[in-house]
Protein chains: 2
Amino acid sequence: MPLPPAGAQPERALRPQDVRLDDTDHAILRVLADDARISNKELAERVGVAQSTCLARVRALRESGVIRGYHADIDPRALGHDLEAMIAIRLQPHARGALRDVVATLSRRPEVLDVYFVAGANDFLLHVATGRTDELRRFVADHLNRDPAIAGTETALIFEHTRAAGRRGS
Amino acid sequence: MPLPPAGAQPERALRPQDVRLDDTDHAILRVLADDARISNKELAERVGVAQSTCLARVRALRESGVIRGYHADIDPRALGHDLEAMIAIRLQPHARGALRDVVATLSRRPEVLDVYFVAGANDFLLHVATGRTDELRRFVADHLNRDPAIAGTETALIFEHTRAAGRRGS
DNA sequence: AACAGAACCGCAGAAGCTTCGGTATCGTGG
DNA sequence: CCACGATACCGAAGCTTCTGCGGTTCTGTT
C-alpha cells in the first residue's frame, strides 16, 4: 500500500474499499484485530517484516481508514450494566427525514452501544446496555416512546453476545 | 483494585460484575475504550497517576476480566465486505438444545461478526458481512436454510453501523 | 541493459516500559 | 494513643522498544 504524500494529510484520498491490500496487510490486520495492544516489534516478527516497515504499514492502514480505531473491549457488567438489549425501531413515515437527528441524539446516551441503520420493516436497531430491567424500561419509555417521530419499538433482551470469527481477522 | 496474588493466576477469582472500580479505573477504561493503543505513559498522565501505578491498574483490569481484550476496528469494506446484514434466526422448537452447536459452527464462518442470543420470537441474531448480495444469499441458503435445526430467518440489510457513546466509556 | 519509483531494511538516538525499594494512608487491635 | 500490618502509590533506573533516516533491493518500463 502506498504511503500518503508527505504533505498535509489528504484525510480521505481514497476510500477503504478502493485500497489495495497485500498479504502482509492482511496479516497485520488479522493480528491487530485480535490484539490491538501488541508491540510493533512483535507484530513485525509475526508478519515477517522489519519493524520500520511494519510501522509504516500500520500507519498507512490507519490513515487510509482501513483501521478505523483501536478499542478496549470492556465487560458491560463491570460498569454496572448487567442487561443488554436489541431494540428495533420504526419511525413515523413523515419523520424519515429526521432520522439522522433522532439517531444522533440517541447515540449520545451512555446506554447506547451500537446503532444499525437497516432496510425493511424497521428503520434502525439500537444495541443498549443498562443496569436493570427498570432502567431499560425507563430508557424505552423516556427516550423512545415519548419521541413523536418514533412509531414503534420492539425490545429483545440479549442473553449473551459473542464476537465471531469475522471479528478476529478473516 | 487489589492485585491478584503473586502465585499462579486465579484466572477467574471474581466475576467482572463483582469487581469494585474507583474513579481512576473508570478513567482508564474510558481512555482505553477510545484508544487502546495509547502508550502507558500518556495514559498515566491523562488519568493522573504514576506510570507504574497505571500499569498495575491496567493489568489488574485485564486479568479480572473487566477488559476483555483490545481490538482494532477494521473497515469491512477494505476486506471486500461491502455488505452487512443482521439476520434474525428461529430454531425448530425441538432443536433448542442444539443451539450452542449451531451457533458454534456459524461463529467460525468468516462472514459472521457478532452473535446475539436473544429472548422473544427469535433465538439469535447474526451480524454478518459479505462481498455482495449474491454472496449473502449464498450464505443464507447454504448455512442457514439448509440446516434442519433452523426454522426460519429474517434478513435485514445494514446501511450503516456506528459505535455510540456507550462504547466510548460511559 | 539502464533507469525510475517504490518498498524494504538496519541502525542508532530518543522514547517508553517495567521492576524495585521506599513512603504515605488506612484500619485494627493492644 | 500508638504500634502494626496491609494496601496502594510514587520515583528512579536499567532495559526494551520505538521510529526517522540513509542506503539497498526489487519491480516494471523504456
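**Two chains, strand to strand**

Tutor: Asp73(A) has Gly69(B) as its bridge partner in strand E1(B). This is a predicted model, in which local features need pLDDT of at least 70, side-chain atom pairs count only at pLDDT 80 or more, and totals for chains, interfaces and linings use all residues. Residues are numbered from 1 along each chain as its sequence is written, with chains lettered from A and ligands numbered from 1 in the order in which they are written.

Student: What makes E1(A) and E1(B) a pair?

Tutor: Strands pair if DSSP finds at least two bridges between them. Strand E1 of chain A (residues 67-74) is joined to E1(B) by 7 bridges, so the two count as paired. They run antiparallel.

Student: How many residues of each chain are in contact across the interface?

Tutor: On chain B, 55 residues are in contact with 55 residues of chain A, where contact means C-beta atoms, placed from the backbone, within 7 Å. On chain B's side, helix H1 (23-34) and strands E1 (67-74), E3 (112-118), E4 (124-130) and E5 (150-163) each supply at least two residues. By class, that side has 31 nonpolar, 10 polar and 14 charged residues.

Student: Which residues have the most contacts inside the largest nonpolar core?

Tutor: They are Leu125(A), Leu126(A), Leu125(B) and Leu126(B), in a core of 46 residues. Such a core is a set of buried Ala, Val, Leu, Ile, Met, Phe, Trp, Tyr and Cys residues joined through C-beta atoms within 7 Å, and a buried residue has 20 or more other C-beta atoms within 10 Å of its own. Leu126(A), leaving aside neighbours within four places in sequence, is in contact with Ile87(A), Ile89(A), Leu106(A), Val112(A) and Val115(A). A second, separate core of 36 residues includes Ala33(A), Leu79(A), Ala78(B) and Leu79(B).

Student: What share of chain A is buried?

Tutor: Buried residues make up 32% of its 170 residues. Chain A has 5 helices and 5 strands, in the order α-α-α-β-β-α-β-β-α-β.

Definitions and conventions:
Two residues are in contact if their C-beta atoms, placed from the backbone, lie within 7 Å. Helices (H or I, at least four residues) and strands (E, at least two) are DSSP runs, numbered from the N terminus. Ala, Val, Leu, Ile, Met, Phe, Trp, Tyr, Cys and Pro count as nonpolar, Asp, Glu, Lys and Arg as charged, and the others, Gly among them, as polar. A residue is buried if 20 or more other C-beta atoms lie within 10 Å of its own, exposed if 12 or fewer, and partly exposed in between; C-beta atoms are placed from the backbone.
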